[in-house]
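I opened this notebook to record what I looked up, one topic at a time. The entries follow the order in which I went through the model.

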Amino acid sequence: MLRVLITLFGLLFILAFAGVGGVLFVFQSFGRDLPDYHQLADYEPPVMTRVHAGDGRLLAEYAIEKRVFVPIRAMPKRVVNAFLAAEDKNFYSHQGVDFLGVVRAIVINIKNLGKQRRMVGASTITQQVAKNFLLTNEVSWERKVKEAILAFRIERAITKDRILELYLNEIYLGYGSYGVATAALNYFDKTLDDLTIEETAYLAALPKAPNNYHPVKRLKDALERRNWVIGRMLEDGVITADEATLARDQPLAVKPRSETEFVAAAFFAEEVRRELADRYGETELYKGGLSVRTSINPAFQKIADTALKDGLRAYDRRHGWRGPLTQLGDIDDWQKKLAALPPTQGLAEWRRAVVLGLEENAAAIGFADTTVGTVPMSEMKWARAWAEGEKLGPSVHRPSDVLKIGDVIAVVAVAADKNSKPYPPDTYTLEQIPEIQGALVALDPHTGRVLAMSGGYDHERSQFNRVTQAMRQPGSAFKPFVYLAAIDSGYTPSTLILDAPFVIDQGPGLPKWRPANYTKKFYGPSTMRLGIEKSRNLMTVRLAQTVGMDKVADVARRFGVMDNLPVQLAMALGAGETTLLRLTAGYAMLVNGGKKITPTMIDRIQDRHGRSVFSHDVRSCEKCRAPFWINQPVPVVPDLRPQLTDPASAYQIVSMLQGVVERGTGKRIRSVGKPLAGKTGTTNNSVDAWFIGFSPDLAVGVFTGFDNPRSLGRREQGASVAAPIFRDFMAGALAQAPATPFRIPPGIRLVRVNATTGLLARTGEKGVILEAFKPGTVPTGESQVLKGLTSGIGTPTAGTGGLY
C-alpha cells in the first residue's frame, strides 16, 4: 500500500513538474518579442480637438475617433459596476487571468454542447486591454496565450484603476462610439451621470459584439443581453431586486444625439485648423484632445457673412442674367428629374425649381417636393442678359425674355414687392449665384484679434480664402502709407502738391509713363488732405517721388503690408500685391496710434489635461493675481507693442482718412452715423475693388473681384462695390456701440483752416475744417507747392497702379 502511495505521489509530482515546466516553456516561447506593455502606463487614447469661439460656443471639432475621455475617478460607480458585472466580476481580485472564470466557462460550454447557445468566454478586462492595445484581433490559441502573458505583465506594471480607465475609454460600442461617454451620448443623448440602470446595463452589454445587439435591427437580442447584464448586476449586489425588476420591465428606447450647435464661420475655422496643424502636426490635431479658444465674435461673423453676400448679390444683379443652373429639356416627370440632379453648391437658403410654364406676367415653377409657385414679372425685371465686359442686354418685358420651360433656376420666397405691396402666397423671386467673389475681415486694432472672417461668397462652393490667400493689387487703398511716409518726413496735411500732368521716360524702346487721375482731369495745387480724400493719383506720384520710394517701401514693410516693395513709382499707386488681412492690419496700426500688432485667430490653447500650451497675450501682470481687494491701485499691464511711427503722424493720417468718409470717395459710408475713416481702392480697368477702414476700436477690410481677374465693369469701383459692404457691416457691428470719437494723442493741435488752400481760416470764411498739426507746423502764410520732377528717377512698372 505504501509503495502504491509513493508511486502515486511520484507520478503526481512528475506531472506537476511537467506542467510547471510546460507553463514555463510556453511563457518562454511566446513571451519573446511581445509588445512593450509599459507604454500603457502613459498611454493617452485619441481624443477630439475642440475649437471654441470667443464667447465659448463650439466652432469646430477635429477627430479620427470621436471620443470623450473620462478619468476613472470621474466615472459613475454604476457604470463601472455594470461593466465589471458583464465583463469581469473578479477584476479586482485576479492577477490578469481569471482561472476560476476559465474553469467556469469550460464547464458551461460543455453543458451547452448541442444546445445552439453562444459560447461563453473568459477573457478578463486586462486581457481585453492587452488585445485592443497591443495585439491583433486574430482568432487563434497562440494569440490567447500571448494575451494571457501580457495580462500578467500589465497587472504588475500599472494599477487596476488605470487598466479600467483605459478599457472604458477605448472600447468600441457601436454607433460610431469610442468609449462609454461617447456611447451614452450617441445612444441616449445623456451624460454618464444621467444614465438609468437599464441604459447602463445596455451599454455594458455591447463590448463583445455591438452589431449583434443593435437597438433597432436586433431589438430582441439586445433586450435579452441587457437583461442578462441586469441579472449579473443583481447577483453582484450592486442593485436591489426591486431595481432589477423595474429595469427589466423598461423598453430599450434609444434617443438620437442632439445636434451639436456650431458657430458658422467656415473660412475662419479652416484657417485655425491649418494653424494648429502647422504648430502641432496632424496627429496632435486629430488625436491630441486640444481645447482651443479663438478670437471670433459670432455676432460680428453673422453680420459679416450677410453683408458680404448681400453686396456681391447686389453687384451681380446690376450686371445681368447669365442663364439657368441647367435645363431639363421636356418636363415630363419633372419632379423625379429635378430630384435626381446633383446638389447645387452655394444655394444656401435659396431653393431649386424648374420652370413649368410662362405667362404674360409670371412664370410657373415647381419644386422637387411637388409643391408649386410663381415668379412674377416684377421679380425678374433685373435679369437683363449679361454681355461680355459686364454689360447688359435689352430690357426685360416678359418672362420669356429671361426663362424657358424646363429651365432649372434658383428662387427664394418673397412676401412683398419693392413698394411693400403684398404678394400672394407661394410667390418667389428669381436669384442667381454671383460669379464675383469677395472677402471681409474685422480686427481688434489694439490686439490684432480677428473678430470676423468671410473668405468668399460660400465656403461650400469655394474653399479658397480670399482674406489670407488671395494676393491682389490694393490700388489706391495703399496710398495712406505713401502719405504717412511724407508726414514722417515733415510734411503736413495742408502741404500743397501740384495736380498736373506727370510724364516719365522709362528708357529706350519703352513708352512714356503717364499716370492719370480717375476723372482724367487736373486740379492744380491742392492740399495733401484733398489728395487723399479725392484719391488723386498725380498728387500721390509727385509726393512719393519727392519723399523717396525707399521711405515708402520702408513704411510698407514696417506696417506689414508688403515685405519687399519694389522701389518704383507705380508702387505708390498700389501696383504691388498683398492680402486683405495684411492690408487691414496695416490700417489697424494707424488707428491704434502706430503700435505694431500681429493678426491672430487663436487666443489660447490647452492640452488634454487643461494645461495652457499657448497664449496670444504674453504680457505678465503679477499684481493682477491679487487674492482679494484691499484698496490697492489698479495694476498697470505693460504695453509690449513696438512703436512703428509717431502717434501724432498716425493720427494725422487717421484724420485725413476720416475726411475720405465725410467729403471724399467714401461718402456713402457716412450713413452709418458713427465716427469712421477709411479709403477706397480700385485697380486699373476696375479689376479689384477695396474699402479698408476703421472706427476707433474696430478695423475692417473688404475686397471684391473675380478669381480669374477681369474688369468689374466700366463704372464699378471701390466706392460702388466694396464700400456698401463695409457700410452694412459697420452699421450692424456698431449698432449698439456709442459714437466714440477718434483718440487724439498728446501734442496734436486742431486748427481751423480753409479746406481748399490749407491756410488758416479767417473769421466768417466758408469751407473751413479742423486740421491736425504737430507742434511748430501750423501754416503761417503762403506755402510752396510741391511739384516733383518729371525724370527717369523711380522707374514705374508700366500699365499697373491704382485709380480711385
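I began with a term: I count a contact where heavy atoms lie within 4.5 Å. Leaving aside neighbours within four places in sequence, I found R273 in contact with Y62, E282, L285 and Y286.

Before going on, I noted that this is a predicted model, in which local features need pLDDT of at least 70 and side-chain atom pairs count only at pLDDT 80 or more, while totals for chains, interfaces and linings use all residues. Residues are numbered from 1 along each chain as its sequence is written, and side-chain values use heavy atoms, with hydrogens and water left out.

I then placed R273 in helix α11, residues 266–280, where helices are DSSP runs of H or I with at least four residues and strands are runs of E with at least two, both numbered from the N terminus. Is R273 buried or exposed? I recorded R273 as buried because its relative accessible area is 17%, and buried means under 20%, exposed over 50% and partly exposed in between, with a 1.4 Å probe and protein chains only.

Turning to the whole protein, I noted 21 helices and 23 strands, and buried residues make up 51% of the 804 residues. Of the contacts with a separation of 6 or more, 70% come from residues 24 or more positions apart.

Last, I looked up L770, which lies in strand β22, residues 768–773. I recorded L770 as exposed because its relative accessible area is 51%.
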